[in-house]
Amino acid sequence: MILGAYRRTGADPPFGDPARAHGVAMEGSYWRFTDVASGRVVVVLCGACRAPDGPWAVVGVASHPGGFVRWRIVPDCALAGRAVRAGDVLDAAPGRLRVRLDGASVDATWSADVPWPRRRAFGGLGPAQSLPGLGQYWHPLLPLGTAVGGAVLDGAPVPLDGATVYAEKNWGPTFAGHWWWGQAHGLGGGAACVAFAGGRLLGQAPTALVVALEDRVLRFAPPLARVVVATAPGRWRVDAADWAGGCAVSLEAEADPAAAVVLPVPVPAERRVIMRSAQHLAGRLAITVRRGRRVALRGESELAGLERGVPQ
């Protein structure tokens, strides 16, 4: 009972499981499929929320190219462990996803090629994961997977066989007034992934960054690493280094501000959404990862997901 009450604050103890439902006002799930060969990206989001009169959800699907976006408020949803169901619109669990939404359907399964390390004490936020009462928490569930399946968007079939898969969770009582986020596969022509997320909190701008490189997952998050961020409309820069001096990352990204799609952000207690998530489904991202003096990765992607959330 004590552990359950602690997790309902949003926090997880060391060696806990951030993927499991916490019982907070909003638990968001996000999946991103990137087909580098075809230049296609498909994303699915589900915000499972708790209002005073019961659970509800918002489900969305978006894709590039073409700027396809569909979303719907679903009046009921259920969370069980790592699984989420939103009415008859979305059914998801580790390794599978099914969506039926207003001209969009997605049916996919995937292998976990580079999962989050099970023996790591903390998730994507590092030690901050164990602090109760933060406004938002973030964790990359699956840095790199390979999909089997497909989507149908406005009647057009979109094969997803062989696409790379990224999955994450974010949860908490509210969204920051200003936040930033990014994710990319197809870096350096090999099995690599980068993801970062942060926002303004009490005058600070904490940010966490994760790089999956071959079979290793590197995490940079305060206080175990120094992470410096600069964002502006259409631009993102992140520089990160662990205090031990072993690894460092330099990342720059850009996208046309006019090309962003606007995705819904839930207001859990009110069963409504606000449109203030400007997400680019295909921006340019360049990254360099160093281990000591050696360059472990240098690559670019033209299919990076990039986001800025700003107050309305």
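These are my notebook entries on what I looked up in a predicted model.

**Ground rules**

I number residues from 1 along each chain as its sequence is written, and side-chain values use heavy atoms, with hydrogens and water left out. Since the model is predicted, local features need pLDDT of at least 70 and side-chain atom pairs count only at pLDDT 80 or more, while totals for chains, interfaces and linings use all residues.

**Entry 1: strand β1**

I began with strand β1, residues 26–35, where strands (E, at least two residues) and helices (H or I, at least four) are DSSP runs numbered from the N terminus. Is β1 enclosed or open? Ten of its ten residues are buried, so the strand is largely enclosed by the rest of the structure; buried means under 20% relative accessible area, exposed over 50%, and partly exposed in between, with a 1.4 Å probe and protein chains only. In a regular strand the side chains alternate between the two faces of the sheet.

Next I looked up the partners of β1, taking two strands as paired if DSSP finds at least two bridges between them. With strand β12 (residues 164–172), β1 pairs in the antiparallel sense over nine bridges, and Phe33 stands opposite Val165 there. With strand β2 (residues 40–51), the pairing is also antiparallel and runs over ten bridges. The hairpin of β1 and β2 has four residues between the strands, and in it Gly39 takes a positive phi near 75 degrees.

**Entry 2: Thr34**

Within β1 I picked out Thr34, which counts as buried at 2% relative accessibility. Its bridge partner in β2 is Val41. The side chain of Thr34 also makes a polar contact with the side chain of Arg32, at 3.4 Å; such a contact is a pair of N or O atoms within 3.5 Å, where within protein one must be able to donate a hydrogen and the other to accept it, and residues adjacent in sequence count only if both atoms are side-chain atoms. Leaving aside neighbours within four places in sequence, I found Thr34 in contact (heavy atoms within 4.5 Å) with Arg40, Val41, Ala163, Thr164, His185 and Leu303.

Ala21 sits in the loop between α1 (2–7) and β1, and is partly exposed, with a relative accessible area of 22%. Although Ala21 and Leu79 are 58 residues apart along the chain, their C-alpha atoms are separated by 6.4 Å. Not counting residues up to four places away in sequence, Ala21 touches Arg7, Glu27, Leu79, Gly81 and Lys169.

Leu263, in strand β20 (residues 261–267), counts as buried at 5% relative accessibility. Among its contacts beyond four places in sequence are Leu45, Ala62, Val69 and Ile274.

**Entry 3: empty space**

Rolling a probe the size of a water molecule over the atoms shows where empty space is left. On a 1 Å grid over the protein atoms alone, a cavity is a set of points where a 1.4 Å probe fits but cannot get out, a pocket is an open set with protein on both sides within 12 Å along at least five of seven lines, and lining residues have an atom within 4 Å of a point. Grid points are joined across faces, edges and corners, and a volume is the space filled by probe spheres set on the points.

How many cavities of 30 Å³ or more are there in the whole structure? The search finds one, and about 40 Å³ of space lies in the largest cavity. Its lining includes Pro18, Gln129, His139 and Trp171, and strand β10 (residues 137–153) gives the largest share, three residues.

The largest pocket holds about 960 Å³ of space, and of its 45 lining residues the closest to its centre are Gln136, Tyr137, Trp138, Ala197 and Gly198.

For the second largest pocket I noted a volume of about 710 Å³ and 38 lining residues, with Asp17, Ala19, Arg82, Pro94 and Leu141 nearest its centre. Here I came back to β1, which supplies the largest share of this lining, four residues.
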